[in-house]
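Student: Could we go through this model together? I'd like to start with the contacts of one residue and then move on to other things.

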Amino acid sequence: MGPTTFRIKRVYEPASDDDGVRVLVDRLWPRGVKKDAGRWSAWWKELAPSAELRRWFGHNPERFDAFARRYRAELDAAAEAAGRRLAEVGDAPVVTLLYSARDEAHNQAVVLRGWLSER
């Protein structure tokens with residue numbers, strides 16, 4: 001098998017057959033989503049931005065570059081946890097990172113996908 005492809009998708013979008021392993025990457029449970037919905041394989045909340053960083057960012061696109069730098073530093077510090085989570089998905093060809101933010105370009109899943117793809 002080749003390397004894993006990481007995709008991102010809003011948690012509110014319907015699941016599709018080409019999503020592969022679906023992983024929720026928000027620290028907080030998404031609004032309006034039932035906990036027993038079973039639309040993903042895992043919840044990687046420990047790889048989501050810290051509560052402090054999330055509040056500071058506030059989904060303000062003007063802060064996204066600084067947010068991405070700070071979040072990457074948090075991810076670097078959590079590299080061991082990330083390694084365990086990646087081991088859980090094994091050789092899956094596709095892993096879809098699910099997020100709840102409305103902004104599809106400025107959110108933690110965009111940063112996490114880049115960080116994971118570099119590993």
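Tutor: If we leave aside neighbours within four places in sequence, Tyr71 is in contact with Leu47, Ala48, Pro49, Leu53, Gln108, Val111 and Leu112, where contact means heavy atoms within 4.5 Å. This is a predicted model, in which local features need pLDDT of at least 70, side-chain atom pairs count only at pLDDT 80 or more, and totals for chains, interfaces and linings use all residues. Residues are numbered from 1 along each chain as its sequence is written, and side-chain values use heavy atoms, with hydrogens and water left out.

Student: Okay, and is Tyr71 buried or exposed?

Tutor: Tyr71 is buried, because its relative accessible area is 0%; buried means under 20%, exposed over 50% and partly exposed in between, with a 1.4 Å probe and protein chains only. The residue sits in helix α2, and helices here are DSSP runs of H or I with at least four residues, while strands are E runs of at least two, both numbered from the N terminus.

Student: What does Leu112 touch, then?

Tutor: Beyond its neighbours within four places in sequence, Leu112 is in contact with Val25, Tyr71, Leu75 and Leu97.

Student: Which residues have the most contacts inside the largest nonpolar core?

Tutor: Those are Trp44 and Leu112, in a core of 27 residues. At least two residues of this core come from each of α1 (51-57), α2 (64-77), α3 (79-89), β4 (94-99) and α4 (108-117). A nonpolar core is a set of buried Ala, Val, Leu, Ile, Met, Phe, Trp, Tyr and Cys residues joined through side-chain atoms within 4.5 Å.

Student: Switching topic, what order do the strands have in the sheet?

Tutor: The open sheet has 4 strands in the order β1-β4-β2-β3, with parallel pairing, and strands pair if DSSP finds at least two bridges between them. At the edges are β1 (5-10) and β3 (42-43), each of which pairs on one side only. Strand β2 (residues 21-24) pairs with β4 in the parallel sense over 4 bridges, and Arg22 stands opposite Thr96 in β4.

Student: One more: where is His59, and what is its phi?

Tutor: His59 lies in the loop between α1 and α2, and has a positive phi of about 55 degrees although it is not a glycine. Most residues other than glycine have a negative phi.

Student: Why does His59 count as partly exposed?

Tutor: Because its relative accessibility is 39%, His59 counts as partly exposed.
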